Amino acid sequence: MLRRTAAITIPLAVVASLALTDPARASQGVCKGADKYVTVCVKKPGEEPGGGDQGKEGSQPPASKPGGGAESERDHWRCTKSLKDPQPPAGSPEWEGHEPGDGAVYLQECEWVDETEAGYFVVTTVWAASPDEVTIDPAVLAQQAVDSMLLTGPRVASPRAEGKYTVGVPMWLWVIPSPTTWGPNQASASASGITVTATAKVSSVSWRMGDGSSVTCSGPGTVYTPSRGMSASPDCGHRYRSTSAGQSGGKYQGTATATWTVDWGVTGGGQTGQLTEVRETNFAVSVGELQVVGQ
């Protein structure tokens with residue numbers, strides 16, 4: 001499973017400047033062997049290139065070209081490419097012996113994503129015969145597919161906004177499932193001949209009740225019916241111990257947070273992975289006390 005990690009954002013103008021002024025930007029050695037045209041090589045925020053752990057076993061990315069080599073190497077390097085603008089002049093090393101008009105030169109941005117290694121961000125220049133040869137990260141397409149689903153937080157049915165609840169009485173919590181609030185929801189995204197299909201479904205809902213307590217439910221909850229009387233929900237419920245009179249607006253302010261699990265795969269077989277998305281919905285609960293008047 002690929003783990004989504006944050007890359008360092010470097011403007012292309014800065015990259016181009018580094019390529020012109022310091023083509024050996026990776027001379028610290030942290031990306032030794034990554035690519036002969038490395039222009040930027042830095043660790044993720046909080047880690048210094050060439051720091052004290054340099055030279056220790058497991059502290060270096062593999063001495064292989066990002067985006068190439070064996071399947072295991074591609075699993076560790078996550079790469080994307082974009083057309084370099086302007087293109088290098090004829091005879092530049094970036095053309096790798098080709099002539100302008102014969103393919104193009106691209107900026108390749110790669111991130112080392114193996115969980116057992118330090119994280120590195122590398123920018124290189126590479127030649128490709130056509131845009132179809134540009135490296136496409138299936139995880140990026142999977143995220144595009146997820147974004148098109150327009151997933152939202154849970155549609156809270158209980159507690160009802162207009163409801164009046166009582167201290168000590170079991171409250172049943174449930175949501176109304178739909179493709180965008182619970183799933184399953186499926187979408188695809190394509191680029192450069194690669195299609196990734198993603199399927200999303202809520203795996204759990206965490207209810208923060210506003211009184212300092214929380215409840216985590218693996219399902220949408222059971223709908224309450226009058227025949228249930230004062231019984232507790234069989235799978236998703238809560239019991240308030242004090243009134244909401246002292247709360248802002250006289251109500252407890254709660255949040256229902258859905259955790260979406262997204263399984264994706266490249267159409268036709270091949271690479272697969274999993275993403276996690278989180279969406280939340282706010283709710284408010286008015287809780288009072290049952291008043292008993294003696295005779």
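Leucine 150 sits in the loop between α3 (138–149) and β5. Helices (H or I, at least four residues) and strands (E, at least two) are DSSP runs, numbered from the N terminus. Leucine 150 is not a glycine, yet its phi is positive, about 60 degrees. Its relative accessible area is 64%, so leucine 150 is exposed; the cut-offs are under 20% for buried, over 50% for exposed and in between for partly exposed (1.4 Å probe, protein chains only).

This is a predicted model: local features need pLDDT of at least 70, side-chain atom pairs count only at pLDDT 80 or more, and totals for chains, interfaces and linings use all residues. Residues are numbered from 1 along each chain as its sequence is written, and side-chain values use heavy atoms, with hydrogens and water left out.

Most residues other than glycine have a negative phi, and most peptide bonds are trans. Now take the loop between β2 and β3, which holds glutamate 96. Phi of glutamate 96 is positive, near 50 degrees. With 33% relative accessibility, glutamate 96 is partly exposed. Proline 86 also lies between β2 (77–83) and β3 (104–112). Aspartate 85 and proline 86 are joined by a cis peptide bond, omega about 5 degrees.

Another cis bond runs from serine 158 to proline 159, with omega near 15 degrees. Proline 159 belongs to the loop between β5 (156–158) and β6 (164–166).

Glutamine 186 has threonine 199 of β10 as its bridge partner. Two residues separate the strands, and serine 192 has a positive phi near 50 degrees.

Notes: Pairing = 2+ DSSP bridges.
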